[in-house]
Amino acid sequence: MFENWKWDDCSVKELLRKITSYDAPEYWQKEIDAFKASKQPKPEWEILEGIHPNAIEPHEWLTREKCFQQGGATCEQEGCKIHSVRRLSDGEVFTVGDTVDIWPKESRLGRPMQPMDIEKFVIHDDGMMAYYGSFGYYLNRLVRRVPTVDPVPVLLTPSEIEKLHNILNAY
Ligand SMILES: [Zn+2]
């Protein structure tokens, strides 16, 4: 019956004002905008640091929002290379030069995946990828390597062992 009917902000506002009888168009526009924003896909990563083409040391990544206050150019405009990124799902930070494992641990052919040294980060339409040479993996496939440290043997004298016993027994 209403085949050609499409909701837009105005009609949604009109309906909201009717059913709540709260007639404040600006208020409803804010509600509509907040609702729309809540339905947008959430960013999965943020860039923390970049390296300017003429520099060696990394610096804080400047987005449009950050440059707005300072009046400078963004890192994107300056052609800065992405140096470190934070994965927002778990807060894990990855930096160029890190050695990471790749998940899943076996390739589709059943071969074990080799750890990768991150050489660079590249943004694609659908996400952030870490590269080594021509091998690239999405951020959600990187696994922080847990350094395997050999336990250091601790040598105690008999009197130290007794002291330790007493301390532990006290708890
Ligand atoms: Zn920069």
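This is a predicted model: local features need pLDDT of at least 70, side-chain atom pairs count only at pLDDT 80 or more; totals for chains, interfaces and linings use all residues.
Three strands make an open sheet, arranged in the order 6-5-10 with antiparallel pairing. Strand 6 (116–117) and strand 10 (142–144) are the edge strands; each has a single partner, so one side of each has no neighbour in the sheet. As background, strands of a sheet pair through backbone hydrogen bonds, and the pairing can be parallel or antiparallel.

How many bridges join strand 5 to strand 6? Strand 5 (residues 99–102) and strand 6 run antiparallel and are joined by two bridges. You can find one place to look at Thr99, which stands opposite Asp117 in strand 6.

## A cis peptide bond in a loop

Follow the chain on from strand 5 and you come to Pro104, in the loop between strand 5 and strand 6. The peptide bond that joins Trp103 and Pro104 is cis, with omega at about -5 degrees.

Strand 1 (residues 45–51) runs antiparallel to strand 2, and two bridges join them. Which residue of strand 2 is the bridge partner of Glu49? That partner is Glu60.

Glu46 is also found in strand 1. Is Glu46 buried, exposed or partly exposed? Glu46 has 13 C-beta neighbours inside 10 Å, so it counts as partly exposed. Leaving out residues up to four places away in sequence, Glu46 touches Val85, Arg86 and Leu88.

## A hairpin

Now look at strand 8 (residues 127–132) and strand 9 (residues 135–138), which pair in the antiparallel sense over four bridges. Together strand 8 and strand 9 form a hairpin, with two residues between them. Gly133, in the turn, has a positive phi of about 60 degrees.

## The nonpolar core

Which residues make up the largest nonpolar core? There are twelve: Ile47, Trp61, Leu62, Cys75, Cys80, Ile82, Val85, Phe94, Phe121, Met128, Ala130 and Leu142. Strand 3 (81–87) and strand 8 are the elements that give two or more residues to this core.

Not counting residues up to four places away in sequence, Phe94 touches Ser84, Val85, Val100, Ile118, Ala130 and Leu142.

Helix 1 (residues 9–20) has twelve residues. From its first C-alpha to its last, helix 1 reaches 16 Å, close to the 16 Å expected at 1.5 Å a residue. Helix 1 is hardly covered, as the count of buried residues in it is zero.

Ser21 has a positive phi of about 50 degrees although it is not a glycine. For context, most residues other than glycine have a negative phi. Ser21 is exposed, with 7 other C-beta atoms within 10 Å.

## The whole chain

Time to zoom out. The protein chain has five helices and ten strands, and it is divided into domain 1 (9–38) and domain 2 (45–144). How far apart do the C-alpha centres of domain 1 and domain 2 lie? They lie 39 Å apart. Glu46 and Tyr22 give another distance to check: they are 24 residues apart in sequence and 39 Å apart in space, C-alpha to C-alpha.

The C-alpha atoms fill a box of roughly 90 × 50 × 45 Å along the principal axes. The radius of gyration is 27 Å, whereas a compact globule of 171 residues would have one near 16 Å. Buried residues make up 9% of the 171 residues. Among contacts between residues at least 6 apart in sequence, 43% join residues at least 24 apart.

Methods. Residues are numbered from 1 along each chain as its sequence is written. The radius of gyration is taken over C-alpha atoms; the globule rule is 2.2 Å times the number of residues to the power 0.38. A residue is buried if 20 or more other C-beta atoms lie within 10 Å of its own, exposed if 12 or fewer, and partly exposed in between; C-beta atoms are placed from the backbone. Two residues are in contact if their C-beta atoms, placed from the backbone, lie within 7 Å. Two strands pair if DSSP finds at least two bridges between them. The expected span of a helix is 1.5 Å times one less than its number of residues. Domain bounds come from an automatic or database domain assignment. A nonpolar core is a set of buried Ala, Val, Leu, Ile, Met, Phe, Trp, Tyr and Cys residues joined through C-beta atoms within 7 Å.
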